[in-house]
Each structure stands twice: as C-alpha cells, then as structure tokens.
Amino acid sequence: IRLAGQELAGLPSHARVRAGLGYVPQGREIFGRLSVLDNLRMGLAPCTANTPLPPELYELFPVLEQMQHRRGGDLSGGQQQQLAIARALAAGPKVLLLDEPTEGIQPSVIKDIGRVIRHLAAKGTMAILLVEQFYEFAAELSDQYLVMERGEIVLQGKGGSMEADGVRQRLAL
C-alpha cells in the first residue's frame, strides 16, 4: 500500500497519519474521558506544536463547537461519530478511511455525515475510502465501488451503476 509514493504497509499508526492517512474506525474509538476539544486536539498529534484546529471542523460539525467542553463519552453515538470524523480530519489527510460510519447512528445524523462526505469529496483535496454495508448510503456517495467477499474483490464498477450491477443483491447474501 502506497500513498504519494511512500510505502505504508508495516508502518506504525502514527507514521501512517504523518504520511497523510486519516482513519475513522468502526466503533469510533473516541477518548471517552477527554473533552470534545481534547479529542479533536488528539487528531493534531502528527502536526507541529501549537498547530490550531482547522475552523472547518466546527463548520462541518457545528454540534462539536457547542459541546467542546463536554466529555466525549457523554455524547450520543451520532455525536461521537461526528467527533471521530472531525478528529481524523484535523491533520488534513490526503486519504480518509471511513469504516462503517453509519453503524448504530440515527437517520438524521447519517444524513449529516453523508452531507459532510459529499462536501469533502467535492473539494477534491482528499480521496475518501468508505467501507459500508448500508447500501443506500454507499450508493448515494460512491464514484466507484468494490464488493468484497472473504477478502476477494468479486464485483467492481462505477458508483452510478451499482443497482444495475446487482450490488444490492450481493449485500443481501
């Protein structure tokens, strides 16, 4: 796995982040006892000292600004997911990996997350890799898709052809 010519396989997590990889894990893995603000600052760990948080984080997720002094563990699941995404964006990644961002999230927050992903994709400053089982969410956001079964790619194509290609039926198996 290469990013901008740099081999990432085998690198520790912090080196992958420095290389430009942002990762939002399934299950969010925020720091529950830290404030929202401190969770966001953790996303700046690969940056130089005193790097400010990008103001865009609060523009993308206004609820985080309102709750910046609350403990991360006190947020709802959807708010924690927004925090996890914002934390991954803090360092300005070249590639953003999102692992099941809709898992356990209420529909209104899923729409907010979809809006943010569309906005980030339209900016064109990073590639976005979405791992998702919620078909409608993935179909709405995908430029390209890959369907994997047991670690093998079994179907791939343009996002707009997912329905015609039978992707929904593959997911129902």
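**Salt bridges in a predicted model**

At 55% relative accessibility, E140 is exposed (exposed is over 50% relative accessible area, buried under 20%, partly exposed in between, with a 1.4 Å probe and protein chains only). The model is predicted, so local features need pLDDT of at least 70 and side-chain atom pairs count only at pLDDT 80 or more, while totals for chains, interfaces and linings use all residues. Residues are numbered from 1 along each chain as its sequence is written, and side-chain values use heavy atoms, leaving out hydrogens and water.

**Overall count**

- The whole structure contains 8 salt bridges, each a side-chain nitrogen of Lys or Arg within 4 Å of a carboxyl oxygen of Asp or Glu.

**Helix α6 to helix α7**

- E140 pairs with R118 in a salt bridge whose closest N and O atoms are 2.5 Å apart.
- This pair links distant parts of the chain, with R118 in helix α6 (residues 107-123) and E140 in helix α7 (residues 135-141), 22 residues apart; helices are DSSP runs of H or I, at least four residues, numbered from the N terminus.
- R118 is partly exposed at 38% relative accessibility.

**Helix α8 to helix α7**

- R168 forms a salt bridge with E136, and their closest N and O atoms are 2.6 Å apart.
- R168 lies in helix α8 (residues 167-171) and E136 in helix α7, so the pair ties together parts 32 residues apart in sequence.
- Salt bridges with shared partners join E136, E163 and R168 into one network.
- R168 is partly exposed at 33%, and E136 is partly exposed at 38%.

**R2 and E7**

- R2 and E7 form a salt bridge with closest N and O atoms 4.0 Å apart.
- R2 is exposed at 58% relative accessible area, whereas E7 is partly exposed at 34%.

Terms used. Helix = DSSP H or I, 4+ residues; strand = E, 2+ residues; numbered from the N terminus.
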